[in-house]
4 protein chains.
Amino acid sequence: MQIGMVGLGKMGGNMTVRLLRGGHDVVAHDVSAEAVASAAEAGATGVDSLEALVAAMPAPRIVWVMVPSGEITERTVRTLGGLMDAGDVIVDGGNSRFSDSVALAASLAEDGVLMVDAGTSGGIWGLEEGYCLMVGGTNEAIERLSPALETLAPPDGWAHVGPVGAGHYVKMIHNGVEYAMMQAYAEGFELMAAGDFGIDLHQVAEVWRHGSVVRSWLLDLTARALDADPGLEELDAWVPDSGEGRWTVQTAVDLAVPTPTIAAALFNRFASREDNAFGQRLLAALRNQFGGHAVKPAEGGHE
Amino acid sequence: MQIGMVGLGKMGGNMTVRLLRGGHDVVAHDVSAEAVASAAEAGATGVDSLEALVAAMPAPRIVWVMVPSGEITERTVRTLGGLMDAGDVIVDGGNSRFSDSVALAASLAEDGVLMVDAGTSGGIWGLEEGYCLMVGGTNEAIERLSPALETLAPPDGWAHVGPVGAGHYVKMIHNGVEYAMMQAYAEGFELMAAGDFGIDLHQVAEVWRHGSVVRSWLLDLTARALDADPGLEELDAWVPDSGEGRWTVQTAVDLAVPTPTIAAALFNRFASREDNAFGQRLLAALRNQFGGHAVKPAEGGHE
Amino acid sequence: MQIGMVGLGKMGGNMTVRLLRGGHDVVAHDVSAEAVASAAEAGATGVDSLEALVAAMPAPRIVWVMVPSGEITERTVRTLGGLMDAGDVIVDGGNSRFSDSVALAASLAEDGVLMVDAGTSGGIWGLEEGYCLMVGGTNEAIERLSPALETLAPPDGWAHVGPVGAGHYVKMIHNGVEYAMMQAYAEGFELMAAGDFGIDLHQVAEVWRHGSVVRSWLLDLTARALDADPGLEELDAWVPDSGEGRWTVQTAVDLAVPTPTIAAALFNRFASREDNAFGQRLLAALRNQFGGHAVKPAEGGHE
Amino acid sequence: MQIGMVGLGKMGGNMTVRLLRGGHDVVAHDVSAEAVASAAEAGATGVDSLEALVAAMPAPRIVWVMVPSGEITERTVRTLGGLMDAGDVIVDGGNSRFSDSVALAASLAEDGVLMVDAGTSGGIWGLEEGYCLMVGGTNEAIERLSPALETLAPPDGWAHVGPVGAGHYVKMIHNGVEYAMMQAYAEGFELMAAGDFGIDLHQVAEVWRHGSVVRSWLLDLTARALDADPGLEELDAWVPDSGEGRWTVQTAVDLAVPTPTIAAALFNRFASREDNAFGQRLLAALRNQFGGHAVKPAEGGHE
């Protein structure tokens with residue numbers, strides 16, 4: 001099938017390659033001319049503007065938008081929507097907030113443009129292994145998109161999970177779960193590193209991969225990371241977070257669902273980026289106030 | 001090789017079968033005559049006492065003890081140790097506390113009996129898939145045990161992780177990580193169930209298994225469980241915990257390692273078994289005290 | 001001074017009484033005629049509509065709105081704003097979301113009506129002890145309001161904490177802190193109840209009130225509650241939450257500030273209201289899947 | 001009454017002064033001759049050894065031991081016990097682990113020496129305000145000790161909470177609650193500091209002290225600390241913990257009581273002392289593995 005791809009970064013660029021390998025006709029655009037040239041070299045039709053992209057595709061069109069989430073996604077989708085025709089489909093493949101996707105879809109629907117929200121997981125491994133795709137939208141739109149989904153995903157690796165918004169909702173929660181799983185391993189390996197047995201962390205990661213209850217793809221990556229740098233000495237304890245972990249916790253609060261591990265994982269990422277945290281300084285100040293702890297820590301217990 | 005197996009329950013019984021399939025000579029004992037008969041039928045030499053087991057095996061012996069952790073394990077190992085000779089090996093394959101294993105091994109060592117502690121993961125799936133085995137002890141003892149480990153584990157599925165105690169230490173942490181991972185999925189799926197999109201939880205579990213970052217064996221089981229009973233309506237929200245999750249948190253506290261997700265997972269299991277928790281009733285009492293909330297909840301926010 | 005009071009429930013009614021006792025002239029309105037009659041009996045001028053309230057007060061007016069937070073507050077404030085004149089002041093004394101207050105104030109400002117947001121703490125005790133008031137708005141508005149604030153608050157019990165929105169921001173966080181403090185006591189008293197020493201909880205609450213580090217007003221209430229019902233047997237473990245605890249966590253997530261205790265306290269309230277939680281049933285399902293735990297729990301530890 | 005005091009540090013020294021002011025006869029010992037001299041100057045009978053202390057007191061004796069918890073306490077109490085007579089009373093006023101106190105008391109009881117465990121709260125403020133004392137032991141022992149307790153505590157500030165061990169049990173939980181309360185304030189004030197309203201933290205601490213639900217002694221100290229150093233710029237985000245917080249969490253795990261806020265507070269103290277935490281580096285490593293995040297963080301969200 002023919003599909004437009006807007007955004008040719010690490011994700012969109014690889015997806016373009018995978019679509020081309022799957023025999024699809026890809027019309028590719030990015031703000032970087034270099035990225036467009038690279039896609040063209042791989043076999044795509046490169047275009048230098050959204051207008052050119054729309055002009056290069058006969059209706060009914062399907063265009064996959066794969067740009068950083070937030071304002072850029074919204075602006076890109078809205079601009080595209082203004083250029084496209086009733087019956088065209090725009091896929092938001094980024095990590096947009098599900099409520100934003102619902103609103104954006106409603107806005108596009110006024111002009112008859114259909115929106116699909118596709119939660120996309122797999123990172124840089126997706127090029128070879130396929131992307132797990134959680135897709136929301138109407139049956140009609142997703143049926144037309146399905147040949148591309150079949151190519152992008154591994155076998156059984158995509159699903160139509162509900163109306164528009166549902167794709168990003170499921171992907172949001174996916175990332176929340178991922179945060180907590182990563183944190184679970186992080187705690188376990190830190191505990192092994194802290195104990196007295198001189199545990200070889202890479203060896204444990206490897207053996208857990210074979211037959212244990214905790215085997216997983218994240219554990220495979222853990223083993224790779226510990227193989228490359230057993231003490232993780234080349235890394236800083238500084239962990240960014242994308243919006244989806246935050247939205248998961250905020251949504252849980254809206255829905256009154258307790259999510260202690262997801263919240264703890266998120267808070268640990270926040271804490272990793274704090275320097276001389278105010279709250280901890282207040283604790284030190286209070287200890288000083290009630291116990292004179294700064295002066296004679298040896299008796300520090302008498303709180 | 002010849003190996004004794006003491007304890008022929010779900011775990012020990014299956015391990016006996018797997019060892020027999022692997023061509024080993026198993027001398028099997030359990031307090032249940034029925035379990036012994038069943039092992040004998042599968043090809044083991046059944047014996048009706050620890051004395052008979054020791055008598056049936058020429059030195060140097062290797063005996064795997066697979067009984068419920070705690071007092072029974074200690075009593076069984078001590079009794080066996082008293083019957084065995086210097087140079088014999090006892091394997092504690094249960095979920096003993098690592099510090100208990102260290103102490104027990106020191107006690108056996110006084111009579112020259114070697115102890116190996118084997119953390120065993122895999123549950124009822126281990127019979128077919130193999131057990132992940134994390135083993136602690138001396139090189140000599142583990143070398144002699146290795147033919148059995150090769151059979152019990154899947155390829156690359158066992159490791160000598162350190163001196164005696166290390167096996168149960170690593171297994172303890174394995175279970176702590178497992179608790180947090182299970183909790184992560186539980187939160188995510190509850191959140192999907194609570195949202196407005198009418199998500200098909202089984203479908204999501206299946207699609208996440210293919211190409212997503214959160215794919216894992218626990219997710220495979222989640223998909224199986226949701227396939228069998230999509231709304232999990234036949235289950236109670238009542239979750240036991242074995243000792244290892246508790247020991248993980250207590251060890252983390254001893255080592256001053258923050259383990260918020262493992263602790264949260266453990267606390268949630270505790271909470272699942274509380275009925276009309278006192279702490280929550282105290283919260284209700286306080287709300288009533290400061291706001292008369294029980295009387296006029298409509299203005300309940302003015303705390 | 002003259003002040004209008006809209007909303008004569010538990011909070012607004014008591015504040016009216018306190019204002020009257022302080023010598024102020026209160027024009028009082030509520031949708032309940034009974035509440036109006038009661039305020040009139042206490043000395044207020046009762047009116048049966050917002051229009052009548054505005055008509056009864058010469059400009060420049062100050063009207064305190066004390067209705068349940070959310071839609072009712074917004075509607076009431078907007079309606080009042082439409083009736084009032086430039087230079088008039090509306091005080092939102094409820095538990096509104098701070099961002100809503102900022103937006104509402106901006107809307108009122110288009111007509112020259114000033115808004116003050118007053119976070120109000122003290123519950124039913126405020127009538128006698130005074131209300132702690134955290135007030136946001138312009139210097140001019142708050143100066144005009146200050147005689148009422150002096151009466152409503154105990155000595156040193158009100159503060160102008162910033163521009164409009166700041167009052168509800170500080171009150172929101174106040175409630176988040178309160179949730180975590182309540183939870184801290186709840187955990188401690190549950191732990192005392194669970195231990196082996198037969199602790200008299202009321203006795204401990206009383207002794208902690210005198211000289212201990214944890215003495216507080218919430219502890220005073222704890223002692224009262226335990227005095228009235230030592231085993232808290234007349235209460236259910238069911239704890240509502242108002243919006244402010246939720247907003248605190250959501251704001252913390254927006255600001256990337258780790259708030260583990262506030263979140264834990266909120267999640268515990270959510271959990272107290274869950275019946276047969278889906279997440280916990282999923283944990284039970286997983287245990288069943290990997291270990292056949294439902295069948296032979298005695299060996300349940302081999303996860 | 002006559003009472004021996006062993007340990008004249010910040011706590012024991014101040015308690016000696018308070019006892020002397022109350023008209024008691026104090027026989028005082030410390031390993032520091034300087035501390036003994038200082039107590040003698042205040043009116044105590046200074047002695048330079050435990051032997052001298054026992055010799056200076058006619059039976060039946062009461063000796064209060066106020067030395068750092070742990071090995072020193074145990075050694076001091078055991079030595080004293082060996083020197084004393086049946087019917088004498090030793091008070092352990094330190095922060096000992098309750099189970100250690102139970103064991104120590106059982107050991108002393110073999111020689112007829114009675115032990116009382118006194119949990120002591122109040123810090124450096126206790127000298128003037130009195131110490132909150134939670135006391136465990138037999139009725140007989142505590143009755144004999146009560147004149148000293150009346151002097152040391154503020155009115156209603158001591159209680160006989162149960163048999164020996166109960167005093168330290170209640171004090172342990174007191175400290176666990178204290179950790180969580182401190183953390184609650186720390187989170188709240190950090191959140192105010194992080195927001196956009198330019199909140200004056202000292203002003204808020206002050207106003208909350210008057211009429212708010214969260215008023216407490218810890219809040220009084222918070223206000224003092226913020227008065228002295230509004231930005232807490234002279235402090236490091238480094239927070240020690242004494243044993244009691246840890247024991248609270250470990251005991252909660254033993255008793256299967258969920259204590260999420262106490263555990264979170266403890267973990268935050270641990271985290272405050274971690275430098276480049278291994279677990280956080282593992283998170284960074286995993287992000288790098290699955291997303292190439294280190295290379296192109298701009299698209300970091302596609303996890």
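A polar contact is a pair of N or O atoms within 3.5 Å; within protein, one atom must be able to donate a hydrogen and the other to accept it, and residues adjacent in sequence count only if both atoms are side-chain atoms. Keep that rule handy, as it comes back for each interface below.

First, some ground rules. This is a predicted model, where local features need pLDDT of at least 70 and side-chain atom pairs count only at pLDDT 80 or more, while totals for chains, interfaces and linings use all residues. Residues are numbered from 1 along each chain as its sequence is written, chains are lettered from A and ligands numbered from 1 in the order in which they are written, and side-chain values use heavy atoms, with hydrogens and water left out.

**Inside chain A**

Let's start with one chain. Chain A splits into domain 1 (2-163) and domain 2 (171-272), with bounds that come from an automatic or database domain assignment. Taken over C-alpha atoms, the centres of these two domains of chain A are 30 Å apart. How many residues of domain 1 of chain A are in contact with domain 2 of chain A? There are 11, and they meet 11 residues of domain 2; contact here means heavy atoms within 4.5 Å.

Together the two domains of chain A bury about 940 Å², with 62% of that from carbon and sulfur atoms. On the domain 1 side, Asn95(A), Arg97(A) and Trp125(A) lose the most area to domain 2 of chain A, together 55% of what that side buries. Buried area is the accessible area (1.4 Å probe) that two parts lose on being put together, summed over both. Four residue pairs are in polar contact across this domain interface (both at pLDDT 80 or more).

**Where chains meet**

Now for the interfaces between chains. The table also counts salt bridges, each being a side-chain nitrogen of Lys or Arg within 4 Å of a carboxyl oxygen of Asp or Glu.

| Chain A and chain D | about 6,100 Å² | zero salt bridges | 16 residue pairs |

Chain A can be laid on chain D with an RMSD of 0.1 Å by a turn of 180° and a shift of 0.0 Å along the axis, which is the relation of a two-fold axis. Copies are superposed by least squares on the C-alpha atoms of residues with pLDDT of at least 70 in both. Also, 100% of the interface residues of chain A are interface residues in chain D too, so the copies meet through the same surface.

In the other pair, 21 residues of chain C are in contact with 20 residues of chain A. Gln250(C), Val253(C) and Phe267(C) supply 36% of the area that chain C buries against chain A, more than any other three residues.

**The core**

Finally, the largest nonpolar core has 228 residues, and those with the most contacts inside it are Trp208(A), Trp208(B), Trp208(C) and Trp208(D). Such a core is a set of buried (under 20% relative accessible area, 1.4 Å probe, protein chains only) Ala, Val, Leu, Ile, Met, Phe, Trp, Tyr and Cys residues joined through side-chain atoms within 4.5 Å. Trp208(C) touches residues including Phe189(C) and Leu219(C), as well as Met134(D) and Ile173(D).

Methods: Buried < 20%, exposed > 50% of the residue type's maximum accessible area, 1.4 Å probe, protein only. Lists of a residue's contacts leave out its neighbours within four places in sequence.
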